[in-house]
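Good morning, and thank you for coming.

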Amino acid sequence: MSLALFACQGPPARLVAGIADTVVVNNVTPVQMPMHVFDAGGRELPDSGIRFQWTSGIRVPVSSRGVLHCTAAGDATIRASLGPVVTSFLVRCRPVHDVFGGGVLNLLVGDSSRVLAFAPVDSTGRPVKLFTMGIDYDSAIVTLERWRIHARAPGETGINVYIGDSWAHWLVRVYDRAQSLEGMRPGEYRAVPVRVAGGEMQSLQLPSSPPTVFVTILPDRDTLRVPQLAMLGANCNGGFTTGQPDYWCFALRGASVVAYHPKEDHPKEEWRGIIAVARDKCLSREATAPCPAEVSAPQPVPRPRTP
């Protein structure tokens, strides 16, 4: 089979680099130039033996084997040859030193989408407008459409945007709207709406640990202020000491989360929010064994996807 396939291939007839013989390089570190070799029939051949040489434009170090280092922004022309087959292609050097963006996103299934905002910059902090990128995320939980994130199913995933040697990372939690936390199982993500007037409070009983629970308060639609949170009967890390009303808690039996509105703070307003609770899948975040409630059923493994 391999001999027959080899016999069908002709000698190299064409060299192709990037898209339309243009390669955009956003890396700060040296990279191998992408090059494809085809015979006259359009069949791809091994790319070994190609030689590269700088010919014009900005001076960029490039080895004979095609390892190029973009030390500055600009355009350069590179010559590639394989025996008698020769082609020239344009390299657009746009080094990216950082990608601004990333953070934590909390979404609700069925709500409007959010825009994924990021900005690649050069060594001086100026925007880099010409770039190529890669992206990965779990498409079972979220989907992307023209940089808008749509919540697909409850759960947690990361979104990573890679440009050159840099990247931005988002931690995304997706919650299902619910009326209570009753019967919450490991791995579930629920969001319960609450409303409190001045001096009022509303409590929800937390599922007891193990595993641990994550608790936060999200703004409801068209609201300026959200209720404050208090944790009762739980050992927690986090809270407003971290700059966010987020808690990781070991909930004792009978533990609860309380949303309240101090009566001295805008007492005539009604504060609305959404208490979001995620129950961890594992007994500890370092554990490799499944939670007891998960033993009887196989769990899906998230897979990175590229749109």
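Is Cys236 buried, exposed or partly exposed? At 29% relative accessibility, Cys236 counts as partly exposed; buried means under 20% relative accessible area and exposed over 50%, with partly exposed in between, using a 1.4 Å probe and protein chains only.

A word on the source. This is a predicted model, in which local features need pLDDT of at least 70, side-chain atom pairs count only at pLDDT 80 or more, and totals for chains, interfaces and linings use all residues. Residues are numbered from 1 along each chain as its sequence is written, and side-chain values use heavy atoms, with hydrogens and water left out.

The structure holds 2 disulfides, a disulfide being a pair of cysteine sulfur atoms within 2.5 Å.

I begin with the partner of Cys236. Cys236 forms a disulfide with Cys249, the sulfur atoms being 2.1 Å apart. This pair links distant parts of the chain, 13 residues apart: Cys236 lies in strand β22 (residues 228-239) and Cys249 in strand β23 (residues 246-260). Strands (E, at least two residues) are DSSP runs, numbered from the N terminus. The torsion about the S-S bond is about 110°, so the disulfide of Cys236 and Cys249 is right-handed. Cys249 has a relative accessible area of 1% and is therefore buried.

I turn now to the other pair. Cys70 is joined to Cys93, with an S to S distance of 2.0 Å. Cys70 sits in the loop between β7 (67-68) and β8 (74-82), while Cys93 belongs to strand β9 (residues 85-93). Their link is left-handed, with -65° about the S-S bond. Both Cys70 and Cys93 are buried.

In sequence order, the bonded cysteines of the protein pair as 1-2, 3-4.

Notes. Helices (H or I, at least four residues) and strands (E, at least two) are DSSP runs, numbered from the N terminus.
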